[in-house]
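Please read the points below beside the sequence and the 3D view.

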Amino acid sequence: MKLFSTRDTKDSVEFSEALLNPSAAFGGLYAPEILPVCDKKFWQESENSSYRDFALKVIEKFGFDISGEIFAEALKRYENFDDQKCPVKFTKFSENCDILELYHGPTRAFKDMALQPFGEILSKIAVSRKENYLIMCATSGDTGPATLQTFANAKNTRVICLYPKNGTSEVQRLQMVNADAKNLKTIGIKGNFDDAQRALKNLLADNEFKDELAANGLKLSAANSVNFGRILFQIIYYLFANLHFKGRNFNVIVPSGNFGNALGAYYAKKMGANIADIRIASNANNVLTELFTKGIYDLRKRSLIKTMSPAMDILISSNVERLLFDKFGDIRTRELMRDLKENRFYKLTDDELKELKNDFKAGFSNDEECSEIIKKVSEKGILIDPHTANCFKLINENGKNLIVSTAEWLKFTPSMVKAINGGMKSDEKSEMNALAEKFNVKIPKSISSLFERSEIHKDIAEQNEIKNKIIKWIKK
């Protein structure tokens with residue numbers, strides 16, 4: 001199966017090429033035109049499959065140009081998760097609602113689900129081609145640590161991670177600035193995630209930058225969900241959830257920032273998962289709520305709001321473009337993306353909005369509501385992080401629901417303590433330990449040790465300094 005530019009389907013590439021070179025024609029993204037379907041026989045044969053065997057069956061249906069052996073080797077990375085046999089966990093919340101915990105990997109966030117195998121595959125392809133790659137990522141908090149972890153000491157790769165200087169939790173920041181492999185570099189930028197993502201996209205399209213990399217023996221790729229290699233692994237856990245519900249219809253409720261996780265649910269639904277609604281949960285930066293309820297994407301009077309769920313503090317959700325492409329085609333997608341870039345606004349037709357509403361519902365919560373939800377859920381002995389808290393308003397009491405929990409609570413201790421106990425009375429590590437003891441949960445050493453280490457990466461850059469800082473580092 002080939003992947004196509006969302007803005008011009010004449011540009012098509014094999015999966016391996018999209019993995020290594022994710023920039024598509026006219027500034028678009030690579031996406032499938034047609035998705036494989038998981039039929040009745042597939043579900044019957046998969047009923048008792050392990051997660052890894054199931055994942056391989058799904059991947060095989062795509063017919064990508066990478067061998068099954070490479071995918072199988074990559075999926076062994078899940079052995080580094082809490083449960084070596086299954087990287088995900090389902091927790092019962094109520095009679096009609098389960099929580100899908102996706103944060104049991106090395107960096108305690110759902111990004112590990114995709115980036116652990118992604119890093120293995122990309123490195124292996126680079127080695128097989130005898131090529132060296134600079135892997136870039138921009139992060140709102142979780143992609144950065146997961147990217148740095150998966151590529152640490154990986155052959156034929158170097159990694160640049162851009163994060164907003166004051167736009168992540170302290171644990172997220174410590175995970176990035178303490179990354180200690182020689183092939184890793186973290187840069188804090190003066191700005192927010194949208195600025196970091198814009199910088200990444202500009203560099204991916206910067207021929208002068210790529211020429212400079214080439215002169216130093218490097219090619220350029222990206223680990224953000226602009227890379228379809230990320231999306232592939234996010235489809236799989238929604239299809240696996242279909243087995244959990246044993247053929248019953250269920251709603252998926254996803255805390256959404258850059259929309260890659262929700263896109264995975266949409267693709268899974270098209271492939272045969274019995275998903276009814278995909279419910280998009282936003283925080284106060286509720287641009288997606290406006291899109292799915294009113295059919296407009298309007299940034300003209302918006303500015304980013306800092307919330308207690310920082311990984312969702314995003315206004316330009318890149319993966320919406322892949323949804324538009326799947327629904328309306330490349331010509332319309334290019335038109336809408338041009339309007340967003342030039343006018344900071346686009347509007348769907350009534351028929352287009354109706355088409356989105358066939359699959360999606362949306363809503364948002366403010367910080368006060370999220371704090372109340374965290375406290376209420378904790379009274380049932382369950383700790384949910386501030387991102388997951390945005391989901392609970394969207395539970396459909398008349399059907400089955402699956403809330404997607406994207407990060408472990410301990411990455412956001414100050415917000416958790418404020419919600420549950422009224423505020424911090426000590427340092428973050430002490431408060432984290434106290435909360436863990438109260439709820440009888442174990443803190444991974446990878447998190448607790450962060451507070452004892454000296455920071456390695458101290459660079460902070462203005463937007464116009466990023467390129468030169470990267471070039472200076474790769475020449476060392």
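1. The largest pocket holds about 940 Å³ of space, where a pocket is an open set of points on a 1 Å grid over the protein atoms alone at which a 1.4 Å probe fits, with protein on both sides within 12 Å along at least five of seven lines, and a volume is the space filled by probe spheres set on the points. Of its 32 lining residues (an atom within 4 Å of a point), R7, G27, K201, N202 and K341 are the closest to the centre.

2. This is a predicted model, in which local features need pLDDT of at least 70 and side-chain atom pairs count only at pLDDT 80 or more, whereas totals for chains, interfaces and linings use all residues. Residues are numbered from 1 along each chain as its sequence is written, and side-chain values use heavy atoms, with hydrogens and water left out.

3. The lining of that pocket comprises 13 nonpolar, 8 polar and 11 charged residues, counting Ala, Val, Leu, Ile, Met, Phe, Trp, Tyr, Cys and Pro as nonpolar, Asp, Glu, Lys and Arg as charged, and the others, Gly among them, as polar. Helices α8 (193-204), α9, α13 (320-328) and α14 (330-343) each supply at least two of the lining residues; helices (H or I, at least four residues) and strands (E, at least two) are DSSP runs, numbered from the N terminus.

4. An open sheet of 5 strands has the order β9-β6-β7-β8-β16 with parallel pairing, two strands being paired if DSSP finds at least two bridges between them. Because β9 (219-222) and β16 (460-461) stand at the edges with a single partner strand each, one side of each is left without a neighbour in the sheet.
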